[in-house]
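User: I would like to learn how to read a model feature by feature. Can you take me through one?

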Amino acid sequence: MEQMSLFDNRETAAPLASRLRPETLDEYVGQKHLVGKGKILRTLIEKDQISSMIFWGPPGVGKTTLARIIARQTRADFVEFSAVTSGIKEIKEVMNQAEGNRRMGIRTLLFADEIHRFNKAQQDAFLPYVEKGSIILVGATTENPSFEINSALLSRCKVFILKPLTEQDLYELLIHAMRSPKGFGNRKVDMKDDWLRSIARFANGDARTALNTLEMAVLNGRLDEQGTLCVDEEILSQCMNRRSLLYDKNGEEHYNLISALHKSMRNSDPDAAVYWMCRMLDGGEDPLYIARRLVRFASEDVGMADSHALQVAVAAYQACHFLGMPECDVHLTHAAVYLSMAPKSNALYRACESCKADIKSMPAQPVPLQIRNAPTGLMKELDYGKGYIYAHDTEEKVSAMQCLPDALKDRRYYDPTEEGREREVKEKLEEILRWKKNHPCL
């Protein structure tokens, strides 16, 4: 039998995703919250009342496609810009042309794909022309605009959030690809419905991934005697050997996932904690970074309620250092589950933050004389160390000696909870405070 490959398909040179790109809002898949009947963005497009805007969403959800649909339906000159090939000079040339068009009553729609890749100077070059209305700026980005786009420019643009496509959206898109003449509609292809659903599930909300996977599987199928192109299950399995989960170690998703891990452990949810931790590892995160965050959590959110938590977290860090990936994933799981199930107390965190606030807001307080060191005769003459009580020499192993500065004499930073072992600490501290109150230092 003859085996086909991607290189044998000369009927259509363009990739499947490009051939099937929608040209109207009715053909557009997903984002019903924006372009469904009666929704705000659809209304603006249909009435040709577009203003500057940013499309923010993960890859493969239709940002560029939507911008091109707007370009077709708007009565404006369309200019597409690339951060890679366009410098300040090119931007200013287009802006000057757009300003001239504005004076003649012609609008210019400038589409900036991956607008987050434009540097500050390039973004600043857009600003005066957006303000004057010389251009309608439509930007597309996978990064949080709050972090990546100049605040002045961002304030003049409406941000629309595009969501990952649902599994059903992708399934319908794949069915369309199999039936459309632009796809495989003119070919006899043996593709099981369950396999299409598997591709839709694998694509994780990304239309481009779904279509590329389908194309690779079909074009590497085998022709039978009747001329039917039979998709091979093994080939399909190879095409789906790794799901591409969104994760940017330097971008917003990095902080979203570590936040999810922290808050899942804080909420005593070990299943969610393990899931978010494994998502980070799958995205290529440094296991030592995760381990460091677990060490922080052990004192910030567990603290004295279970001091063993810190030991477990530090041990997990050491295990990650010794072994690395992939073996250390189970040690991180050990720590994440332990911290999730440990009793919770943020008393240490509150004590630290309260103390730092006093240090920041108050003048530096002098160390009380009685707890100053006195290594020289002059220091002793100045009463350094005078009145110091060595706690080990007392029957109770504690004294009522004041250790805080006078301005903070009665300040309490550490307020233990009754969670876990911290209940014992609280009882001990209250006993000490009562004793000191009843035995003032003369």
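Predicted model: local features only at pLDDT ≥ 70, side-chain atom pairs only at ≥ 80, totals over all residues.

User: Start with helix packing. What describes two packed helices?

Analyst: Two packed helices are described by the angle between their axes and the distance between the axes. Take H15 and H16. Their axes come within 8 Å and cross at roughly 175°. Angles over 145 degrees count as roughly antiparallel, so H15 and H16 are roughly antiparallel to each other.

User: Which residues of H15 and H16 meet?

Analyst: From H15, the list includes Leu288, Ala291, Val295, Ala298 and Val302. From H16, it includes Ala309, Leu310, Ala313, Tyr317 and Cys320. Pro287 of H15 is also among the residues that meet H16.

User: What angle do H14 and H15 make?

Analyst: H14 and helix H15 (residues 287-302) pack at about 150°, with axes 10 Å apart. H14 and H15 are therefore roughly antiparallel to each other. On the H14 side, the contact is made by Met277, Met280 and Leu281. On the H15 side, Pro287, Tyr289 and Ile290 make it.

User: Now H10 and H11. At what angle do their axes cross?

Analyst: Helix H10 (residues 193-202) and helix H11 (residues 207-219) cross at roughly 140°, and their axes come within 8 Å. That makes H10 oblique to H11. The crossing of H10 past H11 is right-handed. Leu196, Ile199 and Phe202 supply the H10 side of the contact. Thr209, Ala210, Thr213 and Leu214 supply the H11 side.

User: Where do Ser268 and Lys397 lie?

Analyst: Ser268 is in the loop between helix H13 (252-266) and helix H14 (270-282). Lys397 is in the loop between helix H19 (377-381) and helix H20 (422-438). Ser268 is partly exposed, at 39% relative accessibility. Lys397 has a relative accessible area of 51%, so it counts as exposed; the cut-off is over 50%.

User: Which residues does a cis peptide bond join?

Analyst: Met325 and Pro326, with omega at about 5°. Pro326 sits in the loop between helix H16 (308-323) and helix H17 (329-341).

User: Next, rings. How many aromatic pairs does the structure hold?

Analyst: Three. One of them joins Tyr275 and Trp276. Read the distance, then the angle: 4.8 Å centre to centre, and 75° between the planes. That pair is edge-to-face. Tyr275 is partly exposed, with a relative accessible area of 43%. Trp276 is partly exposed too, at 24%.

User: Which rings have a charged side chain over them?

Analyst: Two cases to read here. The charged end of Lys158 sits over the ring of Phe160, 5.8 Å from its centre. Arg372 lies over the face of Tyr384, 4.9 Å from the ring centre.

User: Finish with single residues. Is Ile70 buried or exposed?

Analyst: Buried. Its relative accessible area is 1%, and the cut-off is under 20%. Ile70 lies in helix H4 (residues 63-73). Leaving aside neighbours within four places in sequence, Ile70 is in contact with Ile45, Ile50, Met53, Phe55 and Leu109.

User: And Glu80: which residues does it touch?

Analyst: Arg68 and Phe111, not counting residues up to four places away in sequence. Glu80 lies in strand S2 (residues 77-82). It is partly exposed, with a relative accessible area of 42%. Glu80 and Ala67 are 13 residues apart in sequence and 9.9 Å apart in space, C-alpha to C-alpha.

User: What about Asp271: buried or exposed?

Analyst: Exposed, with a relative accessible area of 63%. Asp271 lies in helix H14. Asp271 and Met401 are 130 residues apart in sequence, and their C-alpha atoms are 49 Å apart in space.

Note on methods: Residues numbered from 1 in each chain as written. Heavy atoms only, no water. Helix = DSSP H or I, 4+ residues; strand = E, 2+ residues; numbered from the N terminus. Buried < 20%, exposed > 50% of the residue type's maximum accessible area, 1.4 Å probe, protein only. Contact = heavy atoms within 4.5 Å. Phe/Tyr/Trp six-rings, centres within 6.5 Å; stacked < 30°, edge-to-face > 60°. Lys NZ or Arg CZ within 6 Å of the ring centre and 35° of its normal. Axes fitted to C-alpha atoms, helices over the stretch in contact; angles between N-to-C directions. Parallel < 35°, antiparallel > 145°, perpendicular 65-115°, else oblique. Left-handed = near helix turned anticlockwise from the far one by under 90°.
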